[in-house]
Amino acid sequence: MRFLGSRYVFGGTSPAGFDCSGFVWYVHKSIGKPVSRGLWGQLNGGPRIALNALQPGDTVFFANTYMPGLSHVGIYIGGGRFIHASDESSGVKISSLSDSYWGPRYIGASRLY
């Protein structure tokens, strides 16, 4: 949560600027749980978790955002919400899994630790 409002930088992996997978990578690295830097490695880095079994800290994935196929990732924080490095205009923010943009693009979750 301390990174809320951090800016979005494509390819970014630090508080100076994150992209979505760089944010997930950095958060896990900072707690001593290294994960893959890439989306596919993160998706396949742990067991898949059903939507109704999500727990805070699970990694949530989306498709067809800025490009076709797997294209976005965030960290579930509970209450149907997730934190993620969204885009250049909003940076790191909290969104709802059920909102009109993210809901239809949700494709699954994994538990990376």
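**Strand 5 and its neighbours**

Strand 5 is joined to strand 6 (residues 81-85) by three bridges, and the two strands run antiparallel. In this predicted model, strand 5 and strand 6 form a hairpin with two residues between them. Within that turn, Gly79 adopts a positive phi of about 60°. Gly78 is positioned opposite Arg81 in strand 6.

Strand 5 also pairs with strand 4 (residues 59-63), to which five bridges join it, again in an antiparallel arrangement. Phe61 stands opposite Val73, the latter belonging to strand 5. Strand 4 and strand 5 likewise make up a hairpin, here with six residues between the strands. In this hairpin, a positive phi near 60° is found at Asn64.

Strand 5 itself spans residues 70-78 and is mostly covered. Of its nine residues, eight are buried. The strand described as mostly covered is thus bridged both to strand 4 and to strand 6.

A separate part of the chain concerns Ile31. This residue lies in the loop that falls between helix 1 (20-30) and helix 2 (39-43). Ile31 has a relative accessibility of 55% and therefore counts as exposed, since the cut-off for that class is over 50%.

Conventions. Residues numbered from 1 in each chain as written. Predicted model: local features only at pLDDT ≥ 70, side-chain atom pairs only at ≥ 80, totals over all residues. Heavy atoms only, no water. Buried < 20%, exposed > 50% of the residue type's maximum accessible area, 1.4 Å probe, protein only. Helix = DSSP H or I, 4+ residues; strand = E, 2+ residues; numbered from the N terminus. Pairing = 2+ DSSP bridges.
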